[in-house]
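Visitor: I would like to go through the labels on this structure and the criteria behind them.

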Amino acid sequence: MPAAAPRTAVRAAVALLGATALTLGLASSASAATVARTVTDNSVQYNLSLTAPSTAAAAGQNVTVTGSGYNTSQGVYVGLCAVPAGVNVNDQSTWNAKPTPCLGGQDQAGTTGASHWVNNDWWWMSPNNSSPYTVTNGRGGFSVNIHVKAQISATVTCGQSGVTCAIVTRADHFDSNDRKYDIYVPVTFS
């Protein structure tokens, strides 16, 4: 019986190490990245910041996305989108095409949980997926949860056929051609 105690202790240590490795692996898969962009809108400068996970589970998971420095007069959508052809997420001068398609589309009804609408005027009309900005020093911020998964649509899957995806903000449907509020945090799926 004395030999069983050391064996049990070794097994417990191996189990603990395995659990620690699994926990560390999960923590690294949820690592976050922050992208910053400075824009000028009507002669006012905004220092935008967007933080989102850089990796996610392919089958889907809920993630928290935070932003700060936004123009509270300009609503934005927060969601997972395919990076358009010609856009280099590391070169802001190329951010001139609308991020699309996006998971859940332009989900104004809030039925998919895949996007969130942040705005100060109409958020109350769609309480399932919208909220007002929090305001600090006259600038808008947010912390929202969205659901992301690799398959954006029946024909578009992140990481397949050259499709690169990112968690983005983009101007809402009241000004959908305005590219100033586009920010890309690239995400890969495991």
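Guide: What follows sets each label against its definition.

Guide: This is a predicted model, in which local features need pLDDT of at least 70, side-chain atom pairs count only at pLDDT 80 or more, and totals for chains, interfaces and linings use all residues. Residues are numbered from 1 along each chain as its sequence is written, and side-chain values use heavy atoms, with hydrogens and water left out.

Visitor: Why are Cys81 and Cys102 called a disulfide?

Guide: The term requires a pair of cysteine sulfur atoms within 2.5 Å. The sulfur atoms of Cys81 and Cys102 are 1.9 Å apart, so the pair qualifies.

Visitor: What makes the disulfide of Cys81 and Cys102 right-handed or left-handed?

Guide: The torsion about its S-S bond is about 95 degrees, so the disulfide is right-handed.

Visitor: Why is Cys81 called buried?

Guide: Buried means under 20% relative accessible area, exposed over 50%, and partly exposed in between (1.4 Å probe, protein chains only). Cys81 has a relative accessible area of 2%, so Cys81 is buried. Cys102, at 13%, also counts as buried.

Visitor: How do you know that Cys158 and Cys165 form a disulfide?

Guide: Their sulfur atoms are 2.0 Å apart, so the pair meets the cut-off. With -95 degrees about the S-S bond, this link is left-handed.

Visitor: What makes Cys158 and Cys165 buried?

Guide: Cys158 has a relative accessible area of 8% and Cys165 has 2%, so both count as buried.

Visitor: How many disulfides does the structure hold, and what is the pairing?

Guide: The structure holds 2 disulfides. With the bonded cysteines numbered in sequence order, the pairing is 1-2, 3-4.
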